[in-house]
Structure formats: structure tokens, C-alpha cells
Amino acid sequence: MTLSDDAARTYELDRRHVFHSWSAQAHLTPTVLTAAEGCYVWDGEGNRLLDFSSMMVNTNIGHQHPKVVAAIQAQAATMCTVAPHFANDARSEAARLISERTPGELDTIFFTNGGADAVEHAVRMARLHTGRYKVLTRYRSYHGGTETAVNLTGDPRRWPNDHGNAGVVHFFGPFLYRSEFHAHDEAQETERALSHLARTIEMEGPATIAAIVLESVPGTAGIMVPTPEYLRGVRELCDRYGIVFIADEVMSGFGRTGKWFAIQHFDVVPDLLTFAKGVNSGYVPLGGVAISPAIAASFAQRPYPGGLTYSGHPLAAAAAVATITAMHEEGIVDNAFDIGARVLGPGLRDLAARHPSIGEVRGIGVFWAIELVRDRVTREPLAPYGGTSPAMTELVAACRAGGVLPFVNFNRLHVVPPCVISEAEAKEGLAILDQALNVADAHTVDAR
Ligand code: PMP
């Protein structure tokens with residue numbers, strides 16, 4: 001099939017004028033997308049693709065949910081923009097609905113334009129609140145592409161004259177499949193990861209550490225679901241040393257794991273919680289920080305030095321109100337948990353049993369990673385951490401040819417469909433992956 005005339009023009013203009021994220025611009029061949037509905041998108045050749053990526057793991061409510069589209073249209077007809085120092089009904093209502101769902105008493109909401117600036121502001125709040133500067137963060141993490149956020153990010157996508165962010169210290173978190181601690185089971189991995197974190201705090205000097213930033217379930221870096229004991233242990237260390245616990249729920253929040261926030265699986269309450277993506281499924285850019293009473297009180301008498309023109313933008317806030325309301329009324333968070341437990345988990349484990357390229361599958365809700373390896377015994381990844389490989393490129397092409405849009409990072413294929421996905425759609429996607437994985441199998445030692 002060939003591109004329609006309109007799609008061909010879109011492609012041509014894109015290649016002439018658009019600068020894309022994280023890419024060598026000369027090596028790009030972006031797929032033109034022209035329409036979307038529910039769990040499907042359509043490309044410029046008219047092909048329908050099952051969106052197993054939720055775009056960038058953000059369309060939790062699916063594409064073009066009619067109630068969210070209508071809410072944006074209604075808000076646009078009333079008031080398209082409001083400066084941050086005014087009060088506005090859409091922003092107030094969004095803040096109420098979010099604070100009702102956050103764990104503990106994280107009832108004050110600072111709105112940003114997306115995830116990275118939410119992380120930037122959470123770190124700034126923690127530094128001001130504690131009067132300390134250092135921030136501890138995991139390797140194998142993603143926190144955004146802006147200055148501090150990208151330096152918190154624990155992966156090797158760095159550049160030669162990257163000066164780093166003063167005070168950022170990385171540590172290893174639990175990841176049993178590729179254990180840094182030579183652990184043999186989850187209990188041992190948890191215990192050793194916690195003692196490594198405690199040692200890091202002691203060696204850095206507890207009185208210098210403002211915050212520990214963690215994704216409750218690391219997303220882009222590989223969807224490693226921690227044990228409850230790990231996050232409880234982090235909470236205890238923060239309490240012991242007066243360190244602010246920042247849970248980054250930009251990707252794991254708003255239903256992705258089958259609860260409103262991933263940290264609610266573990267009964268832990270952070271001091272600051274960052275969100276974006278699923279808050280309004282990305283229909284209009286929005287992110288934010290949910291703030292504890294103690295940290296909010298820090299800024300009761302002195303000004304908070306920071307802000308954004310579009311903080312709590314009314315179109316974005318109206319989309320959040322409609323998204324959260326629809327997710328609540330339509331049982332979408334429970335659906336995500338149920339599909340994960342009944343369909344995706346068992347289905348992916350079945351694929352792992354039959355495909356030698358799968359080293360491990362792990363996840364929860366509609367948040368799953370397939371860890372691809374060249375060799376199941378040595379666990380040599382199918383692409384290096386921080387890079388790509390012809391095998392991964394071929395695998396993506398095979399998924400697309402079969403009709404699935406996957407989310408791929410390094411040696412992993414993530415299965416992260418909208419939270420609204422039905423059992424039939426999930427099974428359709430798994431069947432397509434089953435075929436596509438033969439391409440990855442051909443690159444394993446077993447194929448020789
Ligand atoms: N934190 C986490 C955990 C994320 O997954 C992301 C985005 N993938 C970000 C922060 C950054 O969000 P944004 O791209 O909206 O700036």
C-alpha cells in the first residue's frame with residue numbers, strides 16, 4: 001500500500017521542517033498517523049493498528065473518548081486560557097478530583113505542562129523544604145528530558161559535554177533478573193537493595209540529602225515491580241533521615257497498574273507525588289505535583305519561587321476532570337487490573353514458555369515488559385542497555401506488519417495498551433506478538 005496524497009504531504013513536510021526527540025534526524029522515517037479511536041490508530045496507508053503503546057504510555061482512557069473530547073470542546077467554547085494567578089473552575093475541580101485519589105493527605109496540587117517539569121518542581125520543593133541539596137535516584141529510571149530531570153534519569157543516554165546536575169547521586173534499585181547484588185530471590189534482592197541504599201545515604205551524609213526520587217514501578221527502564229518491603233524500607237530510611245520521598249508516578253499513575261497510583265499497591269505514602277500522562281490521557285498537555293501538608297506549609301508564609309504560564313491550563317484541566325470522572329464511572333482502573341491478571345499476565349507467560357528470545361516477562365495491570373535476550377542462559381540482551389540492534393528493529397517491523405504498535409526501549413518490548421482494552425483486543429494483540437516474536441527467536445543462540 002502507498003500513502004494517501006495528504007499523508008504523503010504530511011510526511012514530506014515533517015522531514016523538511018520537524019525536529020524529532022531522541023533521534024538522529026537524517027535516519028528517521030516517522031509513520032504518519034491520521035486517526036484514532038479506542039485502542040486503535042490508523043496510519044497514512046489506511047492500516048489499522050492496535051495501540052499496544054498507548055502512544056507514550058499516556059492514553060489510559062483510549063483514543064478519542066467522547067466525554068473527554070466533549071469536555072475540551074465545551075471548555076474551549078467558554079474560556080480557552082487563564083493565567084496561573086487566577087482561580088478557575090476547571091483547575092479547582094481537577095485539583096479536587098486528583099487529591100481525592102492520591103494516597104494519604106497529598107491534597108495540594110501544583111500543575112505543570114507535563115512530567116519532566118513536574119519532577120523539576122518536586123525536586124525544587126524538596127530542596128527548599130529541607131534546605132539540603134543532594135537528590136538520590138536510581139539507575140534504570142526515566143524522569144524526563146529537561147535539565148534536572150534528565151540528570152536524575154538513570155540510563156546511559158548522555159552526551160559528551162553533559163555537565164550533570166550538581167548533587168544528583170545514583171544508586172541501584174532491586175531488579176532480580178539482572179541483580180547487581182547477586183541475589184537469588186526477591187527477599188534477598190529487596191534486603192540487599194535496601195542496605196545498598198542505606199550505605200549510599202550514610203556515605204553521602206544524610207544531612208546533605210534533600211530527596212530520594214523513585215518511580216513506584218520503574219516504567220521506561222523496564223517495568224520492575226518492587227516488593228512492598230522495598231518501598232516501605234525506602235519510606236523508613238526517608239523518615240529516619242528527614243529526606244523527602246518523591247514518588248514519580250508520571251507513567252505508573254492513573255490506572256496503569258490497576259490502581260489510581262502504583263504506590264497504593266504497597267501501602268506507602270510519599271511526601272511528593274508527580275503525575276502527568278494518564279491524568280487526562282495526554283489529550284492536552286498536563287502534569288503536576290501532589291504535595292504533603294508539611295511541604296505545602298513550607299510555602300504558606302514565603303513565596304514558592306517557580307511557576308508556569310500554563311499551570312492548570314483550562315483545556316487540560318477540563319480534560320482531566322472528564323478523564324477522571326469517566327475512569328471512575330466506567331470502572332476503567334479495575335478493568336486494567338483485571339485484564340492484567342486474567343489475560344496479559346497469563347498470555348505473556350505462555351509466550352515466554354514458547355519463545356527462546358524471551359528472558360522474562362514482568363508487570364501488573366496494563367503495564368508489562370518482555371525482556372528479550374540472545375541467550376536465556378547468559379541473559380545477554382537482544383540490544384545493549386541504552387542502544388538498539390537490528391534484531392529489535394526487525395521485531396518492531398514485524399509487530400507493525402502484523403497490526404500492533406508496540407512500545408520498545410533498548411532490549412524490551414513493552415505491552416502497555418490503554419486501560420480500557422477489552423479481553424478480545426488483548427488476545428488479538430498477543431496473537432500478533434506471538435507471530436512477530438519468531439523474528440526475535442531467529443537472533444537467539446538457539447537458532448544457530
Ligand atoms: N517521569 C516518568 C516516570 C516518565 O515515564 C516520564 C515520561 N516517559 C517523565 C517523567 C517525563 O514526562 P514528560 O515526557 O511528560 O516530560
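Colleague: In which sense do strand β5 and strand β7 pair?
Modeller: Quick heads-up: this model is predicted, with pLDDT of at least 70 needed for local features, pLDDT 80 or more for side-chain atom pairs to count, and all residues used in totals for chains, interfaces and linings. Numbering starts from 1 along each chain as its sequence is written, and side-chain values use heavy atoms, leaving out hydrogens and water. Strands here are DSSP runs of E with at least two residues (helices are runs of H or I with at least four), numbered from the N terminus, and two strands pair if DSSP finds at least two bridges between them. β5 (134-138) and β7 (209-215) share four bridges, and their pairing is parallel.

Colleague: Which residue of β7 is the bridge partner of K134?
Modeller: K134 has its bridge partner in β7. That partner is I209.

Colleague: Which strands stand at the edges of the seven-strand sheet?
Modeller: The open sheet runs β4-β10-β9-β8-β7-β5-β6, with mixed pairing. Two of its strands have a single partner each, so one side of each is left without a neighbour in the sheet. Those two are β4 (108-112) and β6 (168-171).

Colleague: What angle does helix α4 make with β4?
Modeller: Helix α4 (89-101) packs on that sheet, touching β4 and β9 (272-275); contact means heavy atoms within 4.5 Å. Axes are lines fitted to C-alpha atoms, for helices over the stretch in contact, and angles run from 0 to 180 degrees between N-to-C directions. For α4 and β4 that comes to about 120 degrees.

Colleague: And in the four-strand sheet, which residue pairs with L50?
Modeller: That open sheet is ordered β1-β2-β3-β14 and is mixed too. β3 (48-51) and β14 run parallel, joined by two bridges. In β14, the bridge partner of L50 is V404.

Colleague: How far is the side chain of D248 from a nitrogen atom of the ligand?
Modeller: Let's go through the polar contacts (pairs of N or O atoms within 3.5 Å). A backbone N or O atom of G115 lies 2.8 Å from a ligand oxygen, and a side-chain N or O atom of K277 is 3.0 Å from a ligand nitrogen. For a polar side-chain atom of D248 and a ligand nitrogen, the distance is 2.7 Å.

Colleague: What share of the ligand's area does the protein bury?
Modeller: Accessible areas come from the Shrake-Rupley method with a 1.4 Å probe. Taken alone, the ligand exposes 390 Å². Of that, the protein buries 81%.

Key: Polar contact = N/O pair within 3.5 Å; in protein donor to acceptor, adjacent residues only side chain to side chain.
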